[in-house]
Amino acid sequence: MADGTTGRTLILLRHAKAVDPDPYPTDLERPLSPRGRRDAAAAGDWLRDQGLRPDLVVCSTAVRTRETLDGLHLDKHHKHHKHDKHVPVVFEHRVYLGPAHDTLDLLQNTPDVATLLLIGHNPTLSMLSDLLDPDALPDEGLATSGIAVHTVTGPWRDLETAPLRAHHTARG
């Protein structure tokens, strides 16, 4: 739990590269490509290298976001955490649906944790990052496996603005 004096961190992660949609009955069912699996692992490595370990993950229900989450290996040994604990995950269909304002509303109603990882899709995540800190991301927004790290100064319920602290595109 975070307290009123502790800063919070919001990590936005766009899913890794998915396969071509043609053979799949619905967009929700598209899995990661081989490159996407490598990039998801690289994203997990980057998060660990930055000392970013989520206390909670909110993940879209799409197959490609679930596979991105699996590829992060969040329960892998973390240099800043001597104890390995399972990171709780909430699968939320509203993250798949968007739009950015609805996703912000979802974040404002999350439990009071210090570090929250949201795994989702574009254009929602890039628009959400821009809503929190206008013009901080490059114009093209988050690429696949793109990460935007925002500093949240108050409780989640008051989240309206949050400076972009770092952004990275993971490639494996």
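These legends describe close-up views of a predicted model.

**View 1. Six strands form an open sheet.** The order across the sheet is S3-S2-S4-S1-S5-S6. The pairing is mixed. Strand S3 (89-91) and strand S6 (164-169) stand at the edges. Each has a single partner strand, so one side of each lacks a neighbour in the sheet. From one strand to the next, the twist averages 15 degrees.

**View 2. Strand S2 pairs with S3 and with S4.** S2 covers residues 56-59. With S3, S2 pairs in the parallel sense over three bridges. Here cysteine 59 stands opposite phenylalanine 91 in S3. With S4, S2 also pairs in the parallel sense, over four bridges. On that side, valine 57 has leucine 117 of S4 as its bridge partner.

**View 3. The side chains of S2 point two ways.** In a regular strand, side chains alternate between the two faces of the sheet. Leu56 and Val58 point one way from S2. Val57 and Cys59 point the other way. Are these residues buried or exposed? All of them are buried.

**View 4. Helix H2 packs on the sheet.** H2 spans residues 63-72. This helix touches strand S1 (8-14), S2, S3 and strand S4 (115-120). The direction of H2 makes about 135 degrees with that of S4. After H2 comes histidine 73, with a positive phi near 50 degrees.

**View 5. The buried residues of H2 line one face of the helix.** Which residues of H2 are buried? They are Arg64, Thr65, Thr68, Leu69, Gly71 and Leu72. Look down the axis of H2: its buried residues fall within an arc of 165 degrees, so they line one face. They pack against strands S1, S2, S3 and S4. They also pack against H1 and helix H3 (93-97).

**View 6. Histidine 15 makes a polar contact with arginine 64.** Histidine 15 sits in the loop between S1 and helix H1 (34-49). Its relative accessible area is 6%. The cut-off for buried is under 20%, so histidine 15 counts as buried. The polar contact joins the side chain of histidine 15 to the side chain of arginine 64, at 3.3 Å. What else is histidine 15 in contact with, leaving aside its neighbours within four places in sequence? Besides Arg64, the list holds Thr65, Thr68, Gly120, His121, Thr144 and Ser145. Arg64, Thr65 and Thr68 are among the buried residues of H2.

Definitions and conventions
Residues are numbered from 1 along each chain as its sequence is written. This is a predicted model: local features need pLDDT of at least 70, side-chain atom pairs count only at pLDDT 80 or more; totals for chains, interfaces and linings use all residues. Side-chain values use heavy atoms; hydrogens and water are left out. Two strands pair if DSSP finds at least two bridges between them. Helices (H or I, at least four residues) and strands (E, at least two) are DSSP runs, numbered from the N terminus. Axes are lines fitted to C-alpha atoms, for helices over the stretch in contact, and angles run from 0 to 180 degrees between N-to-C directions. Contact means heavy atoms within 4.5 Å. Buried means under 20% relative accessible area, exposed over 50%, partly exposed in between (1.4 Å probe, protein chains only). A polar contact is a pair of N or O atoms within 3.5 Å; within protein, one must be able to donate a hydrogen and the other to accept it, and residues adjacent in sequence count only if both atoms are side-chain atoms. The arc is that of the directions from the helix axis to the C-beta atoms.
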